[in-house]
Amino acid sequence: MKTLIIAEKPDMGRNIAAAIDPKAKNHRSYLEGEQYIITWAIGHLVGLAEPDAYDEKYKKWNIHDLPIIPEQFKLLPNLKTKDQLKVIGDLAKRSNLLINACDAGREGQHIFSLIQRYLKLKHPVKRLWISDLTPETIRKGFAELKEGVEYDNLTKAARARSEADWLIGMNGSRAFTTKHQVLLSVGRVQTPVLALLYDRQKEIEAFSSHTFYDVEAYFQQGAAEYRGLWQGDRLTDPEKAGALVNKVKGKAGTIQSYEVKDTKEYPFKLYDLTLLQREANAKFGFSAKKTLDVAQALYEKHKVISYPRTTSNYVTESNIPEMHKALQQLRGTDYRSFVEAADPQLVHKNNKAVCNPAKVEDHHAILPTLRTAKGLAPDEAKVYDLIVRRFLAHFYPAAEYKVHTVLTEVEREKFKTTVKQLISLGWKVLYADQKKEKTTAKSRGKSEKEDDDEKAAEEEVTTPFNLDRTQGVHCVNAIAKEKETQPPKAYTEGTLLKAMESAGKQIEDEELRDAMKDSGLGTPATRAAIIERLKQVGYVVMQGKRIEITTKGRMAVELIRGAGVELLTSPEMTGHWERRLNEIARGAASDETFMQNVKKFTLSIVNKVRVQRPAAKQAFGTDAEPAKGEKPKRKSTARGKAAGEPSQAGRGRRKRSEAEEGAAPKRAPRRTAAALEAAVAASSAGEAPTAVHPQRATETVPPSAAATREALGACPRPGCGGHIIRGKRGYGCSAYKSGCKFVIWKEGVGAALTDAAVARLLKQGRTDTMQVLGGNGVAVEGRIVLRDPSTGELSVER
């Protein structure tokens with residue numbers, strides 16, 4: 001009898017075979033040597049059965065049949081990969097020991113467990129737990145195989161996550177869909193993430209901008225020149241600001257205080273997946289999913305980075321020697337000059353900025369491996385460069401500065417200055433060849449009293465700066481700058497990932513953010529799929545880098561909250577659930593207690609939706625239609641998917657085009673109730689289904705009139721009195737039959753306008769800043785302006 005090794009994917013299985021049994025014979029769906037048989041899953045081969053597997057009546061969607069709470073969840077194979085499941089079953093009959101070589105994490109553990117349960121495999125199990133796929137690491141992992149029972153608690157947590165998501169997603173989606181006759185996807189994680197976007201959009205819309213004035217004075221003392229910002233209550237009167245300028249300009253002043261402090265800036269933390277996704281989004285505009293896919297390719301295909309789906313920014317003592325080896329490996333690459341200037345002695349077990357075993361659970365931070373990177377695609381090279389530079393930074397000393405803080409008085413008016421004088425670049429030399437990122441000090445709707453740092457006129461200099469406190473100064477000039485308070489910024493994928501990580505709490509303190517990691521929304525491995533799903537079901541659209549919630553997305557949040565199940569939209573509540581799952585994985589909490597609470601919550605959702613008043617069809621707008629250029633999937637099944645959480649598709653397990661991944665639901669011919677359920681379950685689980693109309697599904701969901709188009713605002717044409725509504729190619733006036741020719745073409749100015757953008761345009765005369773095409777065809781930041789209210793003619797303001 002031989003040992004059967006089950007990897008998560010074919011590439012991983014072949015990497016293992018090459019490392020431990022290079023002479024193993026290839027049989028297409030497995031490899032076999034003298035000691036080992038090596039095969040693989042293809043993502044999830046087995047999943048939770050649909051409701052109709054428990055009772056035929058569930059083929060029809062009826063709110064009175066809810067909640068659906070199985071006593072024991074049934075498992076069904078994925079029809080597309082059932083042949084591979086049979087291969088595993090047949091190979092297991094020739095084996096007396098199983099080795100779980102799926103990804104070293106909760107979902108990898110779950111994939112193996114489902115196979116084991118469905119095939120009723122009773123073999124003893126060993127666990128391979130590794131963080132990269134280099135031959136050295138694989139061989140070391142096999143030399144240190146763990147007992148499978150050591151991961152039983154992780155298996156319990158994975159199973160609880162899957163079944164909880166099924167209960168919330170399946171019951172919540174059915175309840176809201178049948179009550180409101182519109183396909184509404186509900187999920188344990190996706191719904192609170194949608195609520196984050198909804199709440200931010202409401203803040204932006206409620207924001208009222210105010211004009212204020214900053215008074216800056218320019219001082220001279222001998223050869224030294226510096227700028228100061230007036231210290232006082234915010235000025236909102238232009239005459240007062242002008243009077244202050246005239247009061248101090250050309251006058252003599254004194255230095256009231258002058259402090260010089262030596263400061264150091266240490267390298268940023270090593271990357272975990274979420275931090276890498278945030279940075280790639282900010283620097284390159286990559287979506288979270290794209291960064292995950294690229295990082296996965298660097299890990300699996302090229303083997304040049306360690307396991308990317310990690311939650312840790314630190315390493316353990318055992319990783320320090322490997323980091324030193326990786327540093328030397330980079331000597332033979334384009335990073336040679338940086339390696340030669342690096343100091344290996346800076347990375348050691350007592351450096352807590354790098355080595356902190358208490359903050360490493362399943363996997364350490366993302367690191368380059370000993371494999372030389374060759375043949376990387378352009379996007380792969382960009383992400384690899386981020387990882388390598390962040391890694392190298394820790395072999396460099398801190399950047400050193402002298403911070404000069406000056407308080408200058410002129411005519412009894414005080415001005416504050418902060419000059420940051422560079423002494424040594426230190427680790428920042430690694431980024432000296434890159435464009436310096438712009439920073440702004442714009443007020444973002446903060447209180448009238450800002451903290452001292454924001455009130456200071458701070459500038460960074462590389463030349464020596466020095467003042468004599470005993471000598472006077474001369475105010476050579478002063479100006480009043482008109483500014484406007486700014487609303488909160490719309491979420492980008494990067495800032496949304498940050499909010500998901502901290503369960504929606506806008507925590508700036510890094511240590512507090514770390515403490516919240518155990519109670520975030522989703523996991524690093526699933527957050528990208530959650531964002532993609534919101535796009536797929538028509539809840540959000542992308543406006544350049546900004547994420548904009550659609551009319552359908554808004555209505556979904558309002559209905560859920562209106563039903564009295566606010567907890568379903570609560571980031572903190574879902575974060576607590578995620579923390580509890582982590583406690584189950586550590587053996588510190590009961591999975592049975594967790595599931596009992598989930599079942600109670602499921603019942604509460606159904607009971608409250610049952611008595612809710614149905615929403616008007618026109619309240620949902622037309623936002624569920626796919627974005628231009630997207631192609632919906634022809635087929636969709638819900639088998640093996642846990643509604644409300646990422647499936648193998650959402651986690652990047654299938655090789656599909658980006659168009660398929662991002663496809664939004666689209667109108668379709670008459671379908672069965674089972675097809676409707678498949679659409680909802682798939683959309684909840686990360687699929688991109690072809691949506692169906694719930695009112696056409698069965699007699700339990702009565703038909704209703706076609707949705708009327710939502711009015712986005714009053715027609716700006718003088719004396720018209722009509723309202724602007726959305727058409728196929730543009731936005732026109734409801735009074736067109738009376739002769740109004742006002743129209744805004746959707747793509748007439750090089751930008752795809754959304755309902756929300758047009759509503760702002762009608763109300764304010766201009767949109768918020770968005771991505772528009774410049775004359776050279778390159779996307780730039782700008783605003784769309786309503787140039788002629790009589791016709792709808794637009795122009796671009798940059």
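**Note on the predicted model**

1. Glu411 is partly exposed, because its relative accessibility is 39%, between the 20% limit for buried and the 50% limit for exposed. The model under review is a predicted one. Glu411 sits in the loop between β13 (399-410) and β14 (413-424). Its phi is positive, about 50 degrees, although the residue is not a glycine. Most residues other than glycine have a negative phi.

2. Lys303 is another residue other than glycine with a positive phi, near 60 degrees. Its place is the loop between α9 and α10 (320-329). With a relative accessible area of 12%, Lys303 is buried.

3. A cis peptide bond links Leu66 to Pro67, with omega of about 5 degrees. Most peptide bonds are trans. Pro67 belongs to the loop between β5 (46-48) and β6 (75-77).

4. The loop between β16 (473-484) and α14 holds Thr485. Thr485 counts as buried, since its relative accessibility is 7%. A polar atom of the Thr485 side chain lies 2.9 Å from the backbone nitrogen of His210.

5. Next, the sheet. Seven strands form an open sheet with mixed pairing, in the order β2-β3-β4-β1-β7-β8-β9. At its edges are β2 (25-26) and β9 (146-147), each of which pairs on one side only. Strands of a sheet pair through backbone hydrogen bonds, either parallel or antiparallel. Strand β1 (residues 2-7) and strand β7 (residues 95-101) run parallel and are joined by 6 bridges. Within this pair, Thr3 stands opposite Leu97 of β7.

6. Helix α1 (residues 10-20) lies across β1, β3 (31-32), β4 (36-40) and β7, and runs at about 160 degrees to β4. Helix α2 (residues 82-92) packs on the sheet and touches β1, β4 and β7. The direction of α2 makes about 160 degrees with that of β4.

7. Nonpolar side chains tend to be buried together in soluble globular proteins. In this model the largest nonpolar core has 83 residues, and the members that touch the most others are Phe176, Leu496 and Phe594. Helix α5 (residues 152-180) supplies the largest share of this core, 9 residues. There is also a second, separate core of 63 residues, with Leu275, Ala295, Leu330 and Ala393 among them.

8. Which residues does Leu496 contact, leaving aside its neighbours within four places in sequence? They are Val193, Leu196, Leu197, Tyr491, Ile531 and Ile547.

9. Helix α8 (residues 273-284) has 12 residues. From its first C-alpha to its last it reaches 16 Å, close to the 16 Å expected at 1.5 Å a residue. Because 9 of its 12 residues are buried, α8 is largely enclosed by the rest of the structure. The buried residues are Leu273, Thr274, Leu275, Leu276, Gln277, Arg278, Glu279, Ala280 and Asn281. One of them, Leu275, is included in the second core.

10. What do the buried residues of α8 pack against? Their partners are α9 (288-300), α12 (378-393), α14 (493-501) and α16 (527-536). Just after α8 comes Gly285, which takes a positive phi of about 75 degrees.

Conventions. Residues numbered from 1 in each chain as written. Predicted model: local features only at pLDDT ≥ 70, side-chain atom pairs only at ≥ 80, totals over all residues. Heavy atoms only, no water. Core = buried A, V, L, I, M, F, W, Y, C linked by side-chain atoms within 4.5 Å. Buried < 20%, exposed > 50% of the residue type's maximum accessible area, 1.4 Å probe, protein only. Helix = DSSP H or I, 4+ residues; strand = E, 2+ residues; numbered from the N terminus. Contact = heavy atoms within 4.5 Å. Expected span 1.5 Å × (residues − 1). Pairing = 2+ DSSP bridges. Axes fitted to C-alpha atoms, helices over the stretch in contact; angles between N-to-C directions. Polar contact = N/O pair within 3.5 Å; in protein donor to acceptor, adjacent residues only side chain to side chain.
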